[in-house]
Number of protein chains: 2
Amino acid sequence: MILVNGVETGLVQAADRGLSYGDGVFRTLAVRHGVPQHWSRHYAKLCSDCEAISLRCPDAVLLAQEVSRVCAVEPSCALKVVITRGVGERGYRYGEDTVPTRILLTAPLPKYPQTYAEFGVKVRLCRLKLAPQPAMAGVKHLNRLENVLARAEWSNSGIAEGILCDIDDNVIGGTMTNVFVVKNTMLATPSLHRCGIGGLTRDRVIEGAARHRARCEVTTLAWSEVIAADEVFLVNSLIGVWPVRDIEGRTYSVGPLTRAAQNWLKQEDDAQMA
Amino acid sequence: MILVNGVETGLVQAADRGLSYGDGVFRTLAVRHGVPQHWSRHYAKLCSDCEAISLRCPDAVLLAQEVSRVCAVEPSCALKVVITRGVGERGYRYGEDTVPTRILLTAPLPKYPQTYAEFGVKVRLCRLKLAPQPAMAGVKHLNRLENVLARAEWSNSGIAEGILCDIDDNVIGGTMTNVFVVKNTMLATPSLHRCGIGGLTRDRVIEGAARHRARCEVTTLAWSEVIAADEVFLVNSLIGVWPVRDIEGRTYSVGPLTRAAQNWLKQEDDAQMA
């Protein structure tokens, strides 16, 4: 199902600035049993991302109604919510009165092997290095060619994800995930002030750690530190937590803090559905 | 007029990867007296940009036919040609069989004051710094949020363009133009191997210089060198050459190599229309 500005259609204006310039933001979330998982928190992230690029985020009530309409028709799906600057005239400049476009698209929930969450995944290091751009760092905007090019680096289906470093060989995240490591019982996840995307599940793991008095640091993480870590895991809103069992031949076992993170999320998920 | 895959419509698929990820490239050119100016050269740039992101560029004959159709209806316009990866499934990965989308959009030719080309323009330095990304540098791809954010820095209509530097304070270009400077009778333009967009008019000025035995260097150009230059001018396919008369209060007169560049382009333009 696709809703564009509340209308069921598969089409958007060709002159939309989302297409012309990638001038917009998005979120992807799971819909389960008709419930858009953690919607209010995704909406809050949508708002802060809109603010980062001076875009007016559509009204909470309006967007929640549209999300509900979609969930009623597709009670189990991956839901992508895209907000663009709207249809504009030619040129990079936008008018203050440009009306943002709301696009809701559904797709089947991805079917990953059960083993991924249980025994972990094999991942690779991408050759592409993320460019530092503090003005848009952390924001889930529509300029995602880096992710596309990085994901095109491999086709081996045995590799579940690619790790991306910045130009100084600090690990930033996966092509579609955020990364956590454990070193000496301390959790750490890369700082996203120069590049990368701040996913909601990353926030939820950081908060879960705080709730359970586990130490978790947001910091610069060199590639060498990730390789030397005791545990590594990947997160996003569709996969939850995937332990990493192999990065470029270096193997890890699934450790206690990875299992803890899975439980923190599960508790919240269960509470939401109760 | 808008043609999408040869069909006259204002609409594209909401699931097009051009919108989802900015996964595509584009060119903007002038159509005058029904002739798409320097089309074959724009097509060649479109092809090399497609290649840079592993996208199959549509067939030359097919695209030329569509451009001709548009030019017959709109003999005087700004024509934008967009090639996207096409409609894809959810996720950054694309299938080898994904069919690229062709979008041709027209807009009125921009009406800039006559004084711009004659006496020069006032420009500013943008606060936003371009991120270095060698994997996509020089390519006119659809990830243009940096340009959008930079253009949003000013609304004073007396300022015609904003200059963009990289994170090392080297000048890369304008938000919608390429930049040339003259120092001791030598032309120079920024190298685009780390960031920036390679416009066709930039190529044409470099070649014009070679044809007329003027020295022209493609090099790293520090902001301080641009400020200290004897002449500065801006180029793109719609404006031709604009002399710069003022950058942040530093004033320039319109020099002989700026006038020469205007003549080199005019000779080619006239030859094309003859």
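# Sheets, chains and contacts

Reader: How many bridges join β4(B) to β6(B)?
Author: These two strands of chain B run antiparallel. Strands here are DSSP runs of E with at least two residues, helices are runs of H or I with at least four, and both are numbered from the N terminus. Two strands pair if DSSP finds at least two bridges between them, and for β4(B) and β6(B) the number is eight bridges.

Reader: Thanks! What pLDDT do local features need in this predicted model?
Author: Residues are numbered from 1 along each chain as its sequence is written, while chains are lettered from A and ligands numbered from 1 in the order written. Side-chain values use heavy atoms, without hydrogens or water; since the model is predicted, totals for chains, interfaces and linings use all residues, side-chain atom pairs count only at pLDDT 80 or more, and local features need pLDDT of at least 70.

Reader: Which residue is the bridge partner of Thr28(B) in β6(B)?
Author: Strands β4(B) and β6(B) run antiparallel. In β6(B), the residue that partners Thr28(B) is Lys80(B).

Reader: Which strands stand at the edges of the open sheet in chain A?
Author: That sheet has six strands with antiparallel pairing, in the order β2-β1-β7-β6-β4-β5. Each edge strand has a single partner, so one side of each is left without a neighbour in the sheet. The edge strands of chain A are β2 (7-8) and β5 (35-36).

Reader: And which residue is the bridge partner of Lys80(A) in β7(A)?
Author: Let's look inside the sheet, where β6(A) and β7(A) pair in the antiparallel sense over seven bridges. There, the partner of Lys80(A) in β7(A) is Leu105(A).

Reader: Which residue takes a positive phi in the hairpin of β9(A) and β10(A)?
Author: Strands β9 (161-166) and β10 (171-174) of chain A run antiparallel, joined by three bridges, and Cys165(A) stands opposite Val171(A). The hairpin has four residues between the strands. The residue with a positive phi, near 60°, is Asp169(A).

Reader: How much area do chain B and chain A bury between them?
Author: In all, 55 residues of chain B are in contact (heavy atoms within 4.5 Å) with 55 residues of chain A. Buried area is the accessible area (1.4 Å probe) that two parts lose on being put together, summed over both. Carbon and sulfur atoms carry 67% of the total, which is about 4400 Å².

Reader: Which element gives the largest share of the side of chain B that touches chain A?
Author: Several elements of chain B give two or more residues to this side, including β3 (11-13), β8 (121-130) and α5 (145-151). Strand β3(B) also pairs with β3(A) in the antiparallel sense over three bridges. With six residues, the largest share comes from α5(B).

Reader: How far apart in the chain are Lys122(A) and Asp246(A)?
Author: Their side chains meet in a salt bridge at 3.8 Å, N to O; the rule asks for a side-chain nitrogen of Lys or Arg within 4 Å of a carboxyl oxygen of Asp or Glu. Lys122(A) lies in β8(A) and Asp246(A) in β15(A). The pair links distant parts of the chain, 124 residues apart.

Reader: What is the count of salt bridges between chain B and chain A?
Author: Over all chains, the count comes to 30 salt bridges. Between chain B and chain A, the count is zero.
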